[in-house]
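Here are my notes for a colleague who is opening this model for the first time. Please read them with the structure in view.

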Amino acid sequence: MNEEQFKRNYKKAVDHMRTNDQMKKRIEETLNTQRHEQKHQRKTLYIAASVVIAASVGLAAPSIWQQVNGPTAPATQVAQVTPGASFDPVVIPKTELPDSKDGVKADMLQLVVYQGNVYTQSATSLDGTDALALRGEKLGTTTGGIHELSGKDEYRELASNIGEADIYAVNGYDTNFRIMSYTEIDGQGHAQLFDQSNGITIGSGEDLIGKLHLEGNVASAQWETFASWNNGLQQLQPLAADKALNSFISALYAAKPVATSPELEERLYGQEDRKIIYLTLEDKTQVQLVLFGEGLVRYGNVPVFFEIKKAAFQAFWNNLGE
């Protein structure tokens with residue numbers, strides 16, 4: 001299996017992940033409590049707990065912990081309304097890291113702990129040959145050691161599950177959002193981007209999508225049908241980096257954030273009306289976005305969707321073809 005096939009199989013597995021019944025029950029119970037409290041307090045939103053984070057140690061865990069055996073440890077996540085905001089912002093909090101004493105065994109995204117936060121494998125890729133131009137200040141070297149049964153105390157600074165690798169800032173990007181690993185094997189560079197997409201508040205698409213620097217920086221683009229993606233056919237079709245794409249990106253920046261929920265994911269991922277677009281930016285980073293036919297867009301595994309104004313979304317969706 002080559003690297004591209006691995007990435008596709010991995011993303012496919014992520015897309016088909018489902019919240020278990022125990023987690024769903026906890027979320028429903030909390031939602032009922034929250035609805036009662038809404039009569040007296042500000043409106044709140046709940047997002048699906050696909051992220052496991054450690055509030056007690058101030059660390060954020062990977063956005064995916066797929067339970068294999070034993071109890072899972074997701075926590076219901078709450079978003080509060082900020083008065084005056086255009087949309088109800090979605091807050092992606094830091095929740096609990098798995099406790100090895102609970103016997104939790106989980107599969108996880110690749111991750112790096114940096115400055116008290118967990119940065120997880122980015123949905124943006126970067127070829128090793130292009131990485132040197134973006135490689136910034138060296139931030140340290142990972143120590144490895146994190147695995148499915150690691151306890152909270154093992155999530156120390158620069159701990160990771162990628163082995164030993166040098167970590168760098170990424171030129172043009174805030175280290176509070178993005179860092180990268182860079183290694184050379186037989187003279188060939190290999191880079192991987194890591195994003196911190198938890199412990200953040202998203203009031204509009206700009207609060208997340210804006211960090212990717214899409215606007216005005218798309219050098220080329222392609223798209224793929226769900227059937228092609230789902231079957232690993234890689235039948236990429238050209239997409240003009242023109243006014244229509246720019247308008248779509250502008251609409252995405254202004255989009256309404258919609259918190260994930262088990263019900264929403266069940267509905268969206270139970271259908272096949274999806275299209276995937278691939279944007280190569282001027283700095284050579286490659287961004288993948290998933291479009292859902294009912295007007296939502298998602299970046300990676302961040303537990304939020306973006307709802308674009310219907311007319312803007314539909315025009316772009318139709319322009320892609322079938």
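1. Start at Ser-197. Neighbours within four places in sequence aside, Ser-197 is in contact with Ile-92, Thr-120 and Val-302; contact means heavy atoms within 4.5 Å. Ser-197 sits in the loop between β14 (188–195) and β15 (200–202). Strands (E, at least two residues) and helices (H or I, at least four) are DSSP runs, numbered from the N terminus. The relative accessible area of Ser-197 is 10%, so Ser-197 is buried. Buried means under 20% relative accessible area, exposed over 50% and partly exposed in between, with a 1.4 Å probe and protein chains only.

2. A word on the source. This is a predicted model, in which local features need pLDDT of at least 70, side-chain atom pairs count only at pLDDT 80 or more, and totals for chains, interfaces and linings use all residues. Residues are numbered from 1 along each chain as its sequence is written, and side-chain values use heavy atoms, with hydrogens and water left out.

3. Now the rings. Rings of Phe, Tyr and Trp (its six-membered ring) pair if their centres lie within 6.5 Å; planes under 30 degrees apart are stacked, over 60 edge-to-face, the rest tilted. The count by this rule is six aromatic pairs. One of them is Phe-226 with Trp-229, a tilted pair at 5.9 Å centre to centre and 35 degrees between the planes. Both residues belong to helix α4 (residues 226–230), three residues apart, about one turn of the helix. Phe-226 and Trp-229 are both buried.

4. Next, a pair between helices. Phe-248 and Phe-316 are stacked, because their ring centres are 4.0 Å apart and their planes at 15 degrees. This pair links distant parts of the chain: Phe-248 is in helix α5 (residues 243–253) and Phe-316 in helix α7 (residues 310–320), 68 residues apart. Phe-248 and Phe-316 are buried.

5. How do the axes of α5 and α7 cross, and at roughly what angle? They come within 10 Å and cross at roughly 140 degrees. Axes are lines fitted to C-alpha atoms, for helices over the stretch in contact; angles run from 0 to 180 degrees between N-to-C directions. α5 and α7 are therefore oblique to each other; under 35 degrees is roughly parallel, over 145 roughly antiparallel, 65 to 115 roughly perpendicular and the rest oblique. The contact involves Ala-244, Leu-245, Phe-248 and Ala-251 of α5, with Ala-312, Phe-313, Phe-316 and Asn-319 of α7.

6. Last, a cluster. Ring pairs join Tyr-269, Phe-292 and Phe-305.
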